[in-house]
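Work through the exercises below with the sequence and the 3D view open. Try each task before reading its solution.

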Amino acid sequence: ARAILIADGTSHEYYKLSEDIKINDTSGSDWTKNARNWLLTKTAFTGHFNGNGHIISGLYYHIDGTATYVGLFPIVGAKAVIEKVGVVDSYLYNQNANSDANAAAIAGFVEWMNDEKYEQRAIIRQCFADDSVTVEAKYAGGIVGGAASAVHMENCYFTGTISGEKYGSLIGDGWNPEAQYHTISHCYTSTLEDNPIVGNIG
């Protein structure tokens, strides 16, 4: 899985999970103490990832000042499709005072695209992160951390915990004026706080 996310030339490539993935062992209550950080990269995923209904557990980051994007897919690019995957028992922390620190369970950041007709927008569908997931970052989202380009999201949900300077239960930082072009359908959230669905709108 790690090789898929950092490989060059993922554009138009199709990947399908055949089983659940446990990134770190979460069987103990203090599992984060010895957990290893997941992938750190600035290479955008631009392929088609089909989770096939499988679950990712033990997704972990604890980053202070060295990363911009963290998530199952740290950065997502033009025409990427991510679908049918869930994240559980995971903890993502990304604080970087000197730059934009984005984090989310599925896509840490959707990169800017020169796409005036919004034909290259990333698609995220049938994905979720449940109440065993915590996201803490400067820009924190349940499904997407930051989105510099329009995103289409459908049939997704987030019921975990988020906190940050800018945060949203589905998209952490909507990036005005791009925020008005996000399309979100048949999604829901349920969090302890009254969080906005998309952060940084208005």
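Two exercises follow, after a note on the model.

This is a predicted model, in which local features need pLDDT of at least 70, side-chain atom pairs count only at pLDDT 80 or more, and totals for chains, interfaces and linings use all residues. Residues are numbered from 1 along each chain as its sequence is written, and side-chain values use heavy atoms, with hydrogens and water left out.

**Exercise 1.** Find the strands that pair with β7, and describe how they run.

Solution.
- Step 1: Locate strand β7 at residues 81-88; strands (E, at least two residues) are DSSP runs numbered from the N terminus.
- Step 2: Seven of the eight residues of β7 are buried, that is, under 20% relative accessible area with a 1.4 Å probe, protein chains only.
- Step 3: Strand β3 (residues 48-57) runs parallel to β7, joined by seven bridges; two strands pair if DSSP finds at least two bridges between them. H54 has V85 of β7 as its bridge partner.
- Step 4: β11 also runs parallel to β7, with six bridges. Here E83 is partnered with R125 in β11.

**Exercise 2.** Describe the surroundings of S90.

Solution.
- Step 1: S90 lies in strand β8, residues 90-95.
- Step 2: With a relative accessible area of 2%, S90 is buried.
- Step 3: The S90 side chain reaches the backbone oxygen of V88 at 2.8 Å.
- Step 4: Beyond neighbours within four places in sequence, the contacts of S90 (heavy atoms within 4.5 Å) include W31, I56, L59 and V133.

Methods:
Helix = DSSP H or I, 4+ residues; strand = E, 2+ residues; numbered from the N terminus. Buried < 20%, exposed > 50% of the residue type's maximum accessible area, 1.4 Å probe, protein only. Polar contact = N/O pair within 3.5 Å; in protein donor to acceptor, adjacent residues only side chain to side chain.
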